[in-house]
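Trainee: I've got this one open on my screen. Walk me through it, please.

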Amino acid sequence: MYVDIEAAKVPSARATAGTRRRRIRLIMLGYILVAPAVIWRLAVAIYPFLNTIWQSFTNNSPLAGTQRFIGLANFTRMFQDPVILQSLSFTFIFTAVSTAVQLVYAMGIALLLNKAFRGRGIVRAVNLLPWAMPAIVVATASQWMFNSQFGMIDDLIARVLPFRPIWLANPDLARIVVIILDVWKNSPWAALIILAGLQNIPRELYEAARVDGASAWRTFYSVVLPMLAPLIFTLLIFVSTYRVLTFDLVYGLTQGGPGHSTSLLSYQVYQLAFTGLYYGYGSAVAVFAFVIVLFLCVVFFLFMRRSEQAL
Amino acid sequence: MSTTETYAPPAAPAEQRQRHTHYRPVRKTIWTVILYVLVALFVIITLLPIYWIVLSAFTPMSELFTVPLNYFPRHPSLINFQTVAQVVPLGQQFINSSLLALLSAFFSVLVCLLAAYAFARIRFPGSNALFLGILLSGYLPTIAMIIPLFQMFENLSLLDSIQGLVILLVSFLLPTSVWIMTSFVRQIPIELEEAAQIDGANFLTTLWHVVIPVLRPAIATLFLLNLVASWDEFFFPLIFSRSSASQTLTIGITQAAVNPQYQTVAWGNEAAMALIVIVPVFILTLVFQKQIVEGLMAGSLKG
């Protein structure tokens with residue numbers, strides 16, 4: 001993730017051969033130039049984040065009168081709340097399944113787009129379209145595509161098979177639909193990143209594998225995959241954490257339903273905070289979502305380090 | 001291309017591999033056919049939902065609800081666009097979306113350019129820590145800051161305003177932007193700036209006259225990426241917008257399904273609205289495909 005800054009840094013003092021005063025002015029300029037970005041992030045991201053942690057220990061709510069410190073009460077309540085537990089379990093399923101499927105599908109797309117064929121430029125452009133679409137559009141359009149009476153998916157199924165699944169009224173099917181849409185919408189981006197990685201693998205490695213008589217599968221498994229491993233683990237950080245925080249799809253498609261079967265954590269926080277006005281309790285759930293994200297980041301970061309050393 | 005069969009995904013059985021040279025022409029044809037079938041499959045999977053939106057947008061409501069469905073419009077019409085314009089304040093939302101996207105992209109690029117230049121070119125105490133801090137703060141989930149943000153914006157009277165949304169989006173876009181821009185600045189040969197400084201130009205003059213012209217493609221790329229991201233944004237307007245003063249087209253999507261004439265959800269309106277939202281981003285994406293792909297790849301390759 002992190003490039004060695006010292007190596008890239010300019011020996012500014014030497015280059016300008018300035019006096020001490022000039023050097024101090026340069027340092028001041030450095031702070032002035034980074035100030036807008038730093039202040040922006042401090043005020044609009046880091047402070048609110050720390051404040052969320054504080055509020056997670058309170059009973060804050062516009063309806064509750066005065067704000068009180070209640071220790072870990074929100075967290076103990078959370079782990080006894082069936083709605084939150086259901087939301088947690090679907091968040092885990094969704095993150096695991098969608099990340100895995102997305103990665104495999106994206107790898108397939110990337111391998112495909114890396115081949116030479118007629119119209120490759122057009123297909124690469126097509127690949128960008130789901131990325132460019134707002135998730136909320138995908139979600140609302142799908143609500144109807146997966147409609148059991150007049151939706152396209154069931155219409156296509158009914159032409160071949162004698163049934164029409166009622167997708168969005170069945171908890172399991174609704175979960176599957178959420179995952180399908182997420183994969184459809186977000187795999188193209190992951191595919192692009194993998195494609196960039198594929199294009200960076202030196203040609204000689206393929207040649208060498210071919211000279212050694214390695215099969216296509218063997219080449220992929222022993223040459224391409226180890227070379228891509230650091231990139232894939234970095235990608236896993238992004239893909240898995242974004243899954244934990246998915247909101248738009250659920251909001252537009254199922255509103256967390258049927259029941260609470262597709263209510264991902266982000267959606268749950270939104271519900272608690274902005275429908276129920278439980279600011280403190282919602283903050284606690286949000287903090288827990290952050291803990292999951294942090295855990296995933298650390299795990300995949302360590303894997304990435306190891307795979308880099310293995311190269 | 002010679003690589004075509006070297007790493008095609010399905011495995012070739014070991015016996016076949018030994019007779020490799022013998023079977024080559026036949027195998028090659030088979031692989032080519034498989035390749036094109038897979039490509040076709042991918043294109044269909046990707047385009048079918050989009051085609052469905054386009055088709056429904058131009059199909060009058062009465063013809064949408066048929067079994068089996070029509071996959072080609074019998075009587076294409078613009079009626080859905082007319083009804084959606086009555087239900088949703090389209091013009092205002094279009095202006096809001098455009099303003100939000102342009103302003104967010106502009107300020108995020110401006111702020112990240114200044115920071116990136118300092119991070120890449122000036123050695124000052126704490127620069128590494130600040131750089132890493134901005135980067136890592138990008139991993140903080142929006143959902144874990146939204147409640148205090150809402151309270152803050154309520155106190156500052158920034159709810160339901162474009163300025164408020166721009167402040168939020170720029171913050172949200174900054175970590176990745178700073179990261180990408182810094183790596184772009186580092187790629188510029190330092191000699192250019194040194195030459196300018198020997199000629200007596202000061203730091204800011206060098207930035208304006210030497211660095212920015214060289215960085216123009218990178219700036220354009222980042223501007224485009226942030227433009228698309230801001231146009232697509234839904235979560236912030238959902239929480240912070242109350243009226244058509246700041247509601248965007250993405251919010252309009254959730255309002256379009258109302259149609260007093262029909263008891264069911266007005267899917268035709270929905271599709272017309274969806275098309276209005278996606279056509280501008282699709283045009284941008286297709287016209288600037290090269291820059292966008294470069295930008296997306298640049299953001300992660302260094303990782």
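Trainee: Where does Ser157(B) lie?
Mentor: Ser157(B) lies in the loop between α7 (146-155) and α8 (162-187) of chain B. Helices here are DSSP runs of H or I with at least four residues, strands are E runs of at least two, and both are numbered from the N terminus. This is a predicted model: local features need pLDDT of at least 70, side-chain atom pairs count only at pLDDT 80 or more, and totals for chains, interfaces and linings use all residues. Residues are numbered from 1 along each chain as its sequence is written, and chains are lettered from A and ligands numbered from 1 in the order in which they are written.

Trainee: What is phi of Ser157(B)?
Mentor: Near 55 degrees, a positive value in a residue other than glycine. Asp160(B) also lies in the loop between α7 and α8 of chain B, and its phi is near 55 degrees too, again positive and again not in a glycine.

Trainee: Why does Ser157(B) count as exposed?
Mentor: Because Ser157(B) has 9 C-beta neighbours inside 10 Å. The scale counts other C-beta atoms within 10 Å of a residue's own: 20 or more is buried, 12 or fewer is exposed, in between is partly exposed, with C-beta atoms placed from the backbone. Asp160(B) has 17, so it is partly exposed.

Trainee: Zooming out. How many helices and strands are there in chain B?
Mentor: Chain B has 14 helices and zero strands. Of its 303 residues, 45% are buried.

Trainee: What crosses at roughly 90 degrees?
Mentor: Helix α4 (residues 79-87) and helix α13 (residues 267-287) of chain B, whose axes come within 8 Å. Axes are lines fitted to C-alpha atoms, for helices over the stretch in contact, and angles run from 0 to 180 degrees between N-to-C directions. The pair α4(B) and α13(B) is therefore roughly perpendicular. Under 35 degrees counts as roughly parallel, over 145 as roughly antiparallel, 65 to 115 as roughly perpendicular and the rest as oblique.

Trainee: Which residues of α4(B) make the contact?
Mentor: Asn80(B), Phe81(B), Thr83(B), Val84(B) and Val87(B), against Gly268(B), Asn269(B), Ala271(B), Ala272(B) and Met273(B) of α13(B). Contact means C-beta atoms, placed from the backbone, within 7 Å. By class that is six nonpolar, four polar and no charged residues. Ala, Val, Leu, Ile, Met, Phe, Trp, Tyr, Cys and Pro count as nonpolar, Asp, Glu, Lys and Arg as charged, and the others, Gly among them, as polar.

Trainee: New topic. How many residues of chain B are in contact with chain A?
Mentor: 93 residues of chain B meet 87 of chain A. Helix α2 (residues 20-57) of chain B gives the largest share of the chain B side, twelve residues. That side has 70 nonpolar, 14 polar and nine charged residues.

Trainee: And the largest nonpolar core, how many residues?
Mentor: 177, and Val285(A), Ala289(A) and Ala115(B) have the most contacts inside it. Such a core is a set of buried Ala, Val, Leu, Ile, Met, Phe, Trp, Tyr and Cys residues joined through C-beta atoms within 7 Å. Its largest share, 16 residues, comes from α8(B).

Trainee: What is Ala115(B) in contact with?
Mentor: Leaving aside neighbours within four places in sequence, Leu33(A), Val34(A), Ala37(A) and Val178(B).

Trainee: Last one. What does the domain assignment of chain B give?
Mentor: Domain 1 (2-57) and domain 2 (85-301). The bounds come from an automatic or database domain assignment. Four residues of domain 1 of chain B touch six of domain 2 of chain B.

Methods: Contact = placed C-beta atoms within 7 Å.
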